[in-house]
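Here is a short briefing for a first look at this structure. Keep the sequence and the 3D view open as you read.

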Amino acid sequence: MTKEDLDFKATEAIRENRVKLYIFKPSGRKMWIVVGKHGRYLVLPEAEYCTCNDFFFRVMSGEKPTCYHLLAVRKAIQEEAYSIIKQEDTSYRKILEELLSSKAENKTTS
Ligand SMILES: [Zn+2]
């Protein structure tokens, strides 16, 4: 996948409203999530980290510069084009566990 492909997929994700910022109340804690074709991914833009397989197998090995989820979040921040979802702090753990376990099970919830 070329840089242009990554750009295209990132732009598409933004356009289709698949970049989401969860804000937890009352702590104000934030969580970026990109809804992909095979599930939802947790993205940490400051740490340059994403929970998708592409990131684990191709970005960390240096094969790819980044995955499109990470790119989508960066672009969304720049363009202020993302949906904000407000959640209670009590749901934080549950949502986080869901995101991490869906990776392990390799669910295909598109
Ligand atoms: Zn990713």
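The model is predicted. Its largest nonpolar core has 20 residues. The helix α3 supplies the largest share of that core, six residues.

**The core**
- Seven residues have the most contacts inside the core: V19, V34, Y41, V43, Y68, A72 and V73.
- Four elements each supply at least two core residues: α1 (3-15), β2 (30-36), β3 (39-44) and α3 (68-79).
- Y68 touches L6, K9, A10 and A13, leaving aside residues up to four places away in sequence.

**The helix α3**
- α3 has twelve residues.
- From its first C-alpha to its last, α3 reaches 16 Å, close to the 16 Å expected at 1.5 Å a residue.
- Its buried residues are Y68, H69, L70, L71, A72, V73 and A76.
- The cover over these buried residues includes α1, β1 (19-25), β2, β3 and β4 (49-50).
- E80 follows α3, and its phi is positive, near 50 degrees.

**The start of the chain**
- T2 sits in the segment before α1.
- T2 and E97 are 95 residues apart along the chain, and their C-alpha atoms are separated by 32 Å.

Notes. Residues are numbered from 1 along each chain as its sequence is written. This is a predicted model: local features need pLDDT of at least 70, side-chain atom pairs count only at pLDDT 80 or more; totals for chains, interfaces and linings use all residues. A nonpolar core is a set of buried Ala, Val, Leu, Ile, Met, Phe, Trp, Tyr and Cys residues joined through C-beta atoms within 7 Å. A residue is buried if 20 or more other C-beta atoms lie within 10 Å of its own, exposed if 12 or fewer, and partly exposed in between; C-beta atoms are placed from the backbone. Two residues are in contact if their C-beta atoms, placed from the backbone, lie within 7 Å. The expected span of a helix is 1.5 Å times one less than its number of residues.
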